[in-house]
Amino acid sequence: MDYSNVNMNQLEVDLVRNMISGYKDYQKRYIDSASNLDDAHSIWFDLETLKAFIYHVEYQTKQNTNVIAKPKLGLRIHYSRYPEFKTWKDHSDLNDLAQDPLGKQYGERHTLVIIPTIKRKDGKNVNFNPLDTTTYANGMPFDYPGTPSTTTVPSFGGINAKGNDSSGSTGSQNHGGLYPPHS
């Protein structure tokens, strides 16, 4: 896609500094105190990972255009938290991260999970799974079981992980670099 005729979005530098400092000085300080750890204050994704994720959301949805005409797509970024490290064996998506010395420090830290959204007829943007057309009309309920994951997906550190979690899966993105522990 060519966005050369669209200006790049910008924010005032002072506003960006104020917002980042506000989070570190208030929310992060409270989280650190309550959890007794130095929680992450940011997450980094390489640009190609994000572009590939967006491509697959659009591509998979276009493959199913007979389900919904001209879908209005978006991304919802959920604040989230890695589970305790001792439970990672229960989640195949964390296998490669568990093998990384810094990755092991991600347990119980703040992270982000990116989920595709689709606009319903009533105008509400709902989470949906581009790989499951049953979620196109009304989205994914919180107890959504997911679809069987049989695809190889890029994850932490460029290592490919074969998804086979018994809980099923959905199109989503995680595994950026957390700061801290990365620097």
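Trainee: Where is Asn36 found?

Mentor: Asn36 sits in the loop between α1 and β1 (42–44), directly after α1. Helices are DSSP runs of H or I with at least four residues, strands are DSSP runs of E with at least two, and both are numbered from the N terminus. This is a predicted model, in which local features need pLDDT of at least 70 and side-chain atom pairs count only at pLDDT 80 or more, while totals for chains, interfaces and linings use all residues. Residues are numbered from 1 along each chain as its sequence is written, and side-chain values use heavy atoms, with hydrogens and water left out.

Trainee: What is the phi of Asn36, positive or negative?

Mentor: Positive, near 60°, in a residue other than glycine. Most residues other than glycine have a negative phi. Glu108 is another case, with a positive phi of about 70° although it is not a glycine. Glu108 lies in the loop between α3 and β3. With a relative accessible area of 34%, Glu108 is partly exposed.

Trainee: What is the overall order of elements along the sequence?

Mentor: The protein has 3 helices and 7 strands, in the pattern α-β-α-β-α-β-β-β-β-β.

Trainee: Where does α1 bend, and by how much?

Mentor: At Lys28, by about 40°. That angle is taken between axes fitted to the seven residues ending at a position and the seven starting there. Lys28 is also one of the buried residues of α1, together with Tyr23 and Asp32. These buried residues pack against β3, where contact means heavy atoms within 4.5 Å.

Trainee: How many residues make up the largest nonpolar core, and what makes a set of residues a core?

Mentor: A core is a set of buried Ala, Val, Leu, Ile, Met, Phe, Trp, Tyr and Cys residues joined through side-chain atoms within 4.5 Å. The largest nonpolar core has 14 residues, and Ile43, Tyr82, Trp88, Leu94, Leu97, Tyr106 and Leu178 touch the most other members. At least two residues of this core come from each of α2 (47–62), α3 (95–99) and β3 (110–119). Over the whole protein, 33% of the 183 residues count as buried.

Trainee: How many aromatic pairs does the structure hold?

Mentor: There are 5. In the pair of Tyr55 and Tyr59, the ring centres are 5.6 Å apart and the planes are at 15°, so this pair is stacked. The rule covers rings of Phe, Tyr and Trp (its six-membered ring): centres within 6.5 Å make a pair, planes under 30 degrees apart count as stacked, over 60 as edge-to-face and the rest as tilted.

Trainee: Where do Tyr55 and Tyr59 lie?

Mentor: Both are in helix α2, 4 residues apart, about one turn of the helix. Tyr82 and Trp88 form a tilted pair, with 5.9 Å from centre to centre and 45° between the planes.

Trainee: Why is Tyr144 called buried?

Mentor: Its relative accessible area is 17%, which puts Tyr144 among the buried residues. Tyr144 lies in the loop between β4 and β5. Setting aside neighbours within four places in sequence, Tyr144 is in contact with Asn129, Asp132, Thr135, Ser169 and Thr170. The C-alpha atoms of Tyr144 and Thr170 are 9.2 Å apart, although 26 residues separate them in sequence.

Trainee: And what of Phe142: buried or exposed?

Mentor: Exposed, at a relative accessible area of 88%. Phe142 also lies in the loop between β4 (125–127) and β5 (152–154).

How values were computed: Buried means under 20% relative accessible area, exposed over 50%, partly exposed in between (1.4 Å probe, protein chains only).
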